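Here are my notes on the model you sent over.

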Amino acid sequence: MPDPVAAAHDRRPVAVLGLGLMGSALARAFIRRGHPTTVWNRSREKAGPLVALGARPAGTPAEAFSAAGLAVVCLSGNDAVLRTCEPAGDALAGRTLVNLTSGTSSEARGLAAWAAGRGADYLDGVLLTTPDAVGAPDTAVLYAGRREVFDAHRPTLRALGGGLTRLGDDPGLAALYDLALLDMLWASLNGFLHAAALVATEHVKAGEFAPFADLLFAGLPSFVARYARQIDEGAYAAEDSTLETHLPAAGHLLAESLARGVDADPPRRLRAVIEKAVAEGHGQDGYARVIEQFRKAPVPLEPSAG
């Protein structure tokens, strides 16, 4: 039999401030779950479609905060969050601010301190999805902040995605994870785009090359797990190939890029970090050893092709 207290808890009022593509998706997810939802946006016309679904429009951020104990903010940047919330004054006191705006870890910590100074609890969060998947049972959402605050609002926040994870008390952790994952995403996509540019010099269409890229990406999880273990242990045994084996291959990629008129900076950087690790005496280690180069000051790029 459903718990009526839990059911009521799951339908607590919420406010959503910022109605871009993601903010609107957040508001729709709350509305679908039956939460009385108040919405605010600087351009008021964006609230129209949500009002048609049952949302209540707020004329000011203070009015939105006053309408709910939980306010979710999703704006263009954390400077916009501060500009939006600052005029609300005492309206934030006793409420929880959930910031799903992209930014840096230091910005998140600063906003947490700012909110605390106004009597509000704070959670920083990251949605690992696109707007169309907000609210799905398997959508991952990362949060950072005090456990008691997260636990108090977890049933309500589940409306945004079933895969909730609290990373820790430090409010900067969610932003750090977000940027680290974007680092991986962009590096992977740039690798594909550079490769596609390379094979395109022989009139190979990207669609023809894509299945081979998919084969390579499918094998990456095994590398991630193995390299993560080596990084944590601080031991980089060559379980597949040594850095001395990787180095000439990186040189070949650089030479091929230069010969075909494709941007040579990515392979030049690759060769530089491997070369530095080998020069430091780690040529017989595996590729995970390269993390020690990333932990140092940048390796200067050499302009020559050699």
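**Notes on the predicted model**

1. Start with Asp170 and Arg109, whose side chains meet in a salt bridge, 2.9 Å from N to O. Asp170 sits in the loop between β8 (163-166) and α8, while Arg109 is in helix α6 (residues 105-117), so the pair ties together parts that are 61 residues apart in sequence. Both ends are partly exposed: Asp170 has 25% relative accessibility, and Arg109 has 39%. Keep in mind that this is a predicted model.

2. Now the overall picture. The chain has 306 residues, and buried ones make up 39% of them. Its secondary structure comes to 13 helices and 8 strands. Along the principal axes, the C-alpha trace spans about 65 × 45 × 45 Å.

3. Back to charge pairs: the count comes to 18 salt bridges. One of them joins Asp265 and Arg268, with the closest N and O atoms 3.0 Å apart. These two are 3 residues apart in helix α12 (residues 265-282), which means about one helical turn separates them. Asp265 is partly exposed at 39% relative accessibility, whereas Arg268 counts as buried because its value is 9%, and the cut-off for buried is under 20%.

4. Helix α12 has another pair to look at. Glu280 forms a salt bridge with Lys296, and here the closest N and O atoms are 3.0 Å apart. Lys296 lies in the segment after α13 (291-294) and Glu280 in α12, so parts 16 residues apart in sequence are tied together. Lys296 is partly exposed, with a relative accessible area of 41%; Glu280 is partly exposed too, at 33%.

5. Which residues are linked in a network of salt bridges? They are Arg226, Arg229, Glu233, Glu239 and Asp240.

6. On the surface, Arg33, Arg147, Arg154 and Arg158 gather in a patch of positive charge. Of these, Arg147 belongs to helix α7 (residues 147-157) and is partly exposed, with 46% relative accessibility.

7. For the inside, look at the largest nonpolar core, which has 30 residues; Leu26, Tyr143 and Leu160 touch the most other members. Elements giving two or more residues to this core are β1 (14-17), α2 (21-32), β4 (70-73), β6 (121-127), β7 (140-144) and α7. The biggest contributor is α2, with 7 residues. There is also a second, separate core of 24 residues, with Trp40, Ala58, Leu92 and Leu111 among them.

8. One backbone detail is worth a look. Most residues other than glycine have a negative phi. His203, though not a glycine, has a positive phi of about 60°. You'll find His203 in the loop between α8 (173-200) and α9 (206-218), and it counts as exposed because its relative accessibility is 71%.

9. Last, two loop arginines. Arg42 is in the loop between β2 (37-40) and α3 (48-52), and at 72% relative accessibility Arg42 is exposed. Arg12 is in the loop between α1 (4-9) and β1 and is partly exposed, at 26% relative accessible area. For Arg12 and Gly34, 22 residues apart along the chain, the C-alpha separation is 8.6 Å.

Conventions. Residues numbered from 1 in each chain as written. Predicted model: local features only at pLDDT ≥ 70, side-chain atom pairs only at ≥ 80, totals over all residues. Heavy atoms only, no water. Patch = residues over 30% accessible without salt bridge, like charges linked within 9 Å, V, L, I, M, F, W, Y side chains within 5 Å. Areas by Shrake-Rupley, 256 points an atom, 1.4 Å probe, with all protein chains shown as cover. Salt bridge = Lys/Arg side-chain N within 4 Å of Asp/Glu carboxyl O. Lys, Arg positive; Asp, Glu negative; His and termini not counted. Charge placed at Lys NZ, Arg CZ, Asp CG, Glu CD. Helix = DSSP H or I, 4+ residues; strand = E, 2+ residues; numbered from the N terminus. Buried < 20%, exposed > 50% of the residue type's maximum accessible area, 1.4 Å probe, protein only. Core = buried A, V, L, I, M, F, W, Y, C linked by side-chain atoms within 4.5 Å.
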